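Here is a short briefing to read with the model open beside you. Take it topic by topic, and keep the viewer handy.

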Amino acid sequence: MDIGIDKIGFYTPNVYVDMEKLAEVRGVDPAKYTIGIGQEKMAIAPLYHDSVSLAANAALSILDDEDREKIDFVLFGSESGVDHSKSGAVWVHHLTGIQNEARCVELKHACYGATAGIKMAMGHVALNPDKKVLVLGADIAKYGLNTGGEPTQGAGAVAMVISQNPRILSLDNDSAPLTRNISDFWRPLHSDVPVVDGKFSNEAYLGMLKDVWKAYSKKTQRELSDFEAMCFHLPYTKMGKKAIQAITEEVDESETKRFMESYHSSIFYNKQVGNVYTGSLYLSLLSLLEQAPEFKEDARIGLFSYGSGAVGEFFSGVLKPDYKKFLKKDAHESVLDDRRELSIEEYETILQQSLPKNGDDIDIDNEQVNVGKAYLSSIKGNVRNYTVK
Ligand code: CAA
């Protein structure tokens, strides 16, 4: 059965920080952030956005009434969940008006959650071919002011409808997963920000990539020449370049050059958003599909998902004819272009704000322009209240 991505959309908050200006204030050469890390802008989530509202906005941008009737499974991948018990999927299900005879679950493993969602969705559609699954990857990447991870923050969500006979990307069912118990990046229960060993996390990522690529290649007999382009989990966009160098180190340099051509399209959105953890790979895929010239029918795209801690997977998909017709390039470019730049002072204030940690009620200021269709408007009696415009 042909199963894959039928629709894909994304959302990021309406405010961002310019990386060159942040570098100046931090006393760092701006080229370190823009070239060394590879980020131009960094999305910041004010209190009116959390992983649920970001995911709801991404989903609202793609769902129509037929999807609302046929979706019977909502899978919410996140490492920025808003409740220890209730899943973000239940809120998104409600905020987007999906029919009630549905299952809703949250999935967590660092930046791998949405990939787990896709794998589960494929199984569900295989057993229930007339149904669709909504897979979400939504996160706020926050390391804190003046930390090593500060230039690699970001916020946003990707939403995908997985169905049979998809119109964008058919997913191959022959991927190579790998799990390794390591401590490169994690967020202890007591902490709002992760503990991270930056250098080790880079090495762990690249080591995992090389191993899953070898396993995938052995299993499928496919070689680099079978791929038109590659997309990677992008904690920052320079990582994509490192990833291409890692998997092409044993082959002719022309292969590196070939993948580097599409790399620039695959980082266009991520460069302007930053890390969105579990959505990052799919934001890169979306960027590639919308920003690169149209690939030929049946072009195969390689995908590497990495969640610190660590779970990685190399998988692939084949593009459908006329896939460009089913993308929303103009809408996605508007989401990025209609944002407001924050001064560094405003950014520092927002980053230090948090919702009450003692259960107090709060009304959240959301009188600003462009806050999205869905946003967090208050918490009353420990119940989160979202508004959909
Ligand atoms: N001009 C151009 N480039 C410059 C430069 C300049 N003036 N100054 C420095 N650079 C380059 C460096 O040479 C380096 O390039 P390479 O990585 O190619 O060697 C790059 O800029 C970064 O410089 P440093 O290594 O000195 O940077 P750092 O010590 O500040 O750490 C970081 C960078 C490790 C990414 C850090 O920001 C961090 O810890 N981020 C969070 C963790 C992370 O994103 N890890 C990624 C793998 S884990 C994962 O993928 C899961 C996830 O989403 C978190």
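Predicted model: local features only at pLDDT ≥ 70, side-chain atom pairs only at ≥ 80, totals over all residues.

## Strand partners and the fold around them

Ile362 has Ile379, in S17, as its bridge partner. The chain's secondary structure amounts to 13 helices and 18 strands.

**The chain as a whole**

- A compact globule of 389 residues would have a radius of gyration near 21 Å, and the chain agrees with this because its own value is 20 Å.
- The C-alpha trace spans about 60 × 55 × 40 Å along the principal axes.
- Buried residues make up 60% of the 389 in the chain.

- S16 and strand S17 (residues 374–380) run antiparallel and are joined by two bridges.
- Asn382 sits in the loop between S17 and S18, and has a positive phi of about 70° although it is not a glycine.
- Is Asn382 buried or exposed? With a relative accessible area of 60%, Asn382 is exposed, because the cut-off for that class is over 50%.

**A second open sheet**

- Here three strands follow the order S3-S2-S15, and the pairing is mixed.
- Strand S3 (41–44) and strand S15 (340–341) are the edge strands of this sheet; each has a single partner strand, so one side of each is left without a neighbour there.
- Strand S2 (residues 15–18) and S3 run antiparallel, with four bridges joining them.
- One place to look is Asp18, whose bridge partner in S3 is Lys41.

- Strand S4 (residues 71–77) and strand S5 (residues 103–107) run parallel, and five bridges join them.
- Phe76 stands opposite Glu106, which belongs to S5.

- Which element gives the largest share of the lining? H7 does, with five residues.
- By residue class, the lining of this pocket has 13 nonpolar, 12 polar and six charged residues.

- Leu136 belongs to strand S6 (residues 132–141).
- The relative accessible area of Leu136 is 0%, so Leu136 counts as buried, the cut-off being under 20%.
- Leu136 and Ile8 are 128 residues apart in sequence, while their C-alpha atoms are 9.8 Å apart in space.
- Leu281 is part of helix H11 (residues 280–291).
- Leu281 is buried too, with a relative accessible area of 2%.
- Between the C-alpha atoms of Leu281 and Ala141 there are 14 Å, and along the chain these residues are 140 residues apart.

**Backbone details in the loops**

- Where does Ala310 lie? Ala310 is in the loop between strand S13 (300–307) and strand S14 (311–319).
- Gly309 and Ala310 are joined by a cis peptide bond, with omega at about 0°.
- Asn165 lies in the loop between strand S7 (154–164) and strand S8 (169–171).
- The phi of Asn165 is positive, at about 45°, although Asn165 is not a glycine.

Terms used: Residues numbered from 1 in each chain as written. Heavy atoms only, no water. Nonpolar A, V, L, I, M, F, W, Y, C, P; charged D, E, K, R; others polar. Pairing = 2+ DSSP bridges. Rg over C-alpha atoms; globule rule 2.2 N^0.38 Å. Buried < 20%, exposed > 50% of the residue type's maximum accessible area, 1.4 Å probe, protein only.
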